[in-house]
Protein chains: 2
Amino acid sequence: MKKVEIGHGSGGKLTKELVENLFLKYFSSPALHKLSDSTYAPGFNKLAITTDSYVVQPLFFPGGNIGKLAVSGTVNDLTVGGALPKYLTAGFIIEEGFPLEELEKIVSTMAETAKEAGVEIVAGDTKVVEKGKCDGVYINTAGVGQVVRELSPKLIKPGDKVIVTGTIGDHGIAISLAREEFELETTLESDCAPLNSLLVSLFELPGLRFMRDPTRGGLATVLVEVCESAGLGALLYEEKIPVREDVKFVCDMLGYDPLYLANEGKAVVIVSPEDSQRALEILRSHPLGKNAQLIGEITQDPHVLLKTEVGGMRRLELLEEDSLPRIC
Amino acid sequence: MKKVEIGHGSGGKLTKELVENLFLKYFSSPALHKLSDSTYAPGFNKLAITTDSYVVQPLFFPGGNIGKLAVSGTVNDLTVGGALPKYLTAGFIIEEGFPLEELEKIVSTMAETAKEAGVEIVAGDTKVVEKGKCDGVYINTAGVGQVVRELSPKLIKPGDKVIVTGTIGDHGIAISLAREEFELETTLESDCAPLNSLLVSLFELPGLRFMRDPTRGGLATVLVEVCESAGLGALLYEEKIPVREDVKFVCDMLGYDPLYLANEGKAVVIVSPEDSQRALEILRSHPLGKNAQLIGEITQDPHVLLKTEVGGMRRLELLEEDSLPRIC
């Protein structure tokens with residue numbers, strides 16, 4: 001009998017199989033079949049809808065906690081869908097015995113982050129399960145927003161530019177270090193942040209095609225998925241991809257590839273060649289986008305290729321194995 | 001250090017304390033402060049928003065499974081808020097090793113129930129946690145709907161009638177029996193069902209004041225909460241409250257009070273005296289409302305009182321102790 005494996009939650013290949021073979025088999029909404037992180041709901045005045053459950057471990061990590069993540073992640077899913085995030089719901093599943101003081105820290109961080117992002121938490125739910133049936137607390141946030149810019153992989157054309165809004169892998173490595181007792185002195189923090197104030201300024205660019213936040217599965221998985229939807233490929237330049245030195249160091253040490261590590265405060269932006277410089281200027285004028293880089297371009301050839309720093313060519317695929325489960 | 005207890009998830013007194021002392025302290029949306037099960041979101045075209053996480057145990061029970069519950073419960077929260085349910089999101093937290101076959105049963109039931117209710121599941125998310133960090137599967141559904149009738153406890157007046165749409169306690173007892181190995185032969189099933197086709201017909205009644213589905217905490221807790229919000233009370237007649245004979249029997253045996261047991265396919269309807277007979281007719285003409293009963297009336301005196309079958313008077317309070325945790 002087939003069973004659910006940890007990798008089914010990785011955001012990579014197994015997740016894709018589960019979604020395509022099971023969820024889409026039964027949930028046949030055309031909106032859902034688009035497989036983007038948020039959905040345009042017809043009938044209302046351009047409403048976008050999204051949901052995410054957060055099971056990150058540890059609950060508190062350098063740069064944030066599960067509450068900051070739960071608000072930021074859902075705000076970001078709406079924003080990269082071309083929407084202005086408006087309302088969130090919050091559903092808590094709490095393990096019996098969880099300290100109320102820690103719950104209060106999480107809830108107050110959610111409120112701060114929502115305020116920062118300009119969204120309101122308008123509905124909530126709390127369930128409590130017995131000790132050993134949860135891992136402290138799990139949070140689901142669903143979000144609705146107002147679509148102001150319809151973005152889609154179908155708009156992407158060969159020659160379009162690929163931009164990443166900052167250094168990649170920070171969240172993955174911050175979580176990894178928070179889990180282990182390494183003797184590493186580092187100032188590294190998760191990049192976890194609501195990105196709407198950064199990204200909404202890009203909506204004015206006529207050449208803006210598509211945005212996605214590279215969370216589970218990382219930059220590589222997101223680009224492979226997007227290119228597959230677009231029926232195109234991409235050529236990326238490793239030397240252009242911003243990675244912090246300490247992230248590189250830990251990756252080398254632990255055998256991680258920053259291209260597959262989760263980010264919680266970064267976006268991949270695909271934009272026409274004409275608007276690519278303006279997009280970079282807009283992004284770099286914002287604190288959350290100061291390290292934005294143009295990292296490659298879209299190609300007719302339907303593969304995602306990385307030109308490595310030593311001059312080789314490497315084909316990128318979906319994340320196969322989840323080396324860091326429960327990253328969000 | 002204070003800790004979260006199972007009772008914080010009961011839907012009764014402890015839940016109320018947690019919501020008021022913690023969540024409302026930080027989440028200050030005026031919409032949220034209404035504390036109804038769904039929220040009117042300003043700015044969109046009369047949008048209602050709600051969320052619920054489902055942690056029911058066992059996952060499969062007579063009359064349904066967690067998937068049927070997750071769709072029905074959220075559809076019902078929107079409907080009793082005066083809205084036509086339109087879109088749901090579904091967030092799954094799955095325990096490593098959970099059989100894919102069972103997941104498929106749950107997902108296919110969700111799709112069937114959504115179809116029955118006329119709603120679309122438009123966004124989803126899957127997380128997988130290690131064995132022993134979940135209990136099979138937990139599901140969050142958030143829902144959005146179109147508000148067509150603004151209902152509120154503030155509309156309730158002394159003399160208004162209290163109607164329940166059918167027998168109470170069926171879900172609570174069905175779950176209780178599914179957990180234990182009683183030697184009981186019963187045809188009892190959970191009443192779990194989407195109620196929008198039943199309740200939407202009531203929206204045409206000018207005297208419709210308020211509706212609520214009495215889930216966690218049961219009929220008594222819901223009426224105490226609603227009356228408190230309205231600044232009024234209620235007088236209920238025990239002899240009028242519909243309870244199945246087998247539910248009564250199990251309640252007597254196990255020491256449960258049907259007034260505090262969860263229902264997942266029933267609503268409490270508060271309606272003007274003029275429209276009460278019409279409301280009953282409408283409800284009884286539908287298979288899900290055939291056992292609807294007028295069970296009491298709203299009073300100026302701010303207590304919820306039960307006139308017992310033997311002629312005594314009993315004051316009802318919020319659920320104090322959760323004798324059946326993880327009922328939904």
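Through which surface do the copies meet, going by the interface residues of chain A and chain B? They meet through the same surface, because 100% of the interface residues of chain A are also interface residues in chain B; contact here means heavy atoms within 4.5 Å. Welcome to a predicted model, where local features need pLDDT of at least 70, side-chain atom pairs count only at pLDDT 80 or more, and totals for chains, interfaces and linings use all residues. Residues are numbered from 1 along each chain as its sequence is written, chains are lettered from A in the order in which they are written, and side-chain values use heavy atoms, leaving out hydrogens and water.

**How the copies are related**
- Chain A superposes on chain B (RMSD 0.0 Å) by a rotation of 180° with 0.0 Å of shift along its axis.
- The two copies are therefore related as by a two-fold rotation axis.

**Two helices of chain B**
- Helix 3 (residues 66-80) and helix 4 (residues 100-117) of chain B have axes that come within 7 Å and cross at roughly 30°.
- That makes helix 3 of chain B roughly parallel to helix 4 of chain B (angles under 35 degrees count as such).
- Residues of helix 3 of chain B, including B:I66, B:V71 and B:V75, meet residues of helix 4 of chain B, among them B:I106, B:M110 and B:A114.

**A look at B:T215**
- You will find B:T215 in the loop between strand 9 (208-212) and helix 7 (218-230) of chain B.
- B:T215 counts as buried at 17% relative accessibility (buried means under 20% relative accessible area, with a 1.4 Å probe and protein chains only).
- Leaving aside residues up to four places away in sequence, B:T215 touches B:L261, B:A262, B:N263 and B:E264.

Conventions: Helix = DSSP H or I, 4+ residues; strand = E, 2+ residues; numbered from the N terminus. Buried < 20%, exposed > 50% of the residue type's maximum accessible area, 1.4 Å probe, protein only. Axes fitted to C-alpha atoms, helices over the stretch in contact; angles between N-to-C directions. Parallel < 35°, antiparallel > 145°, perpendicular 65-115°, else oblique. Least-squares fit on C-alpha atoms with pLDDT ≥ 70 in both.
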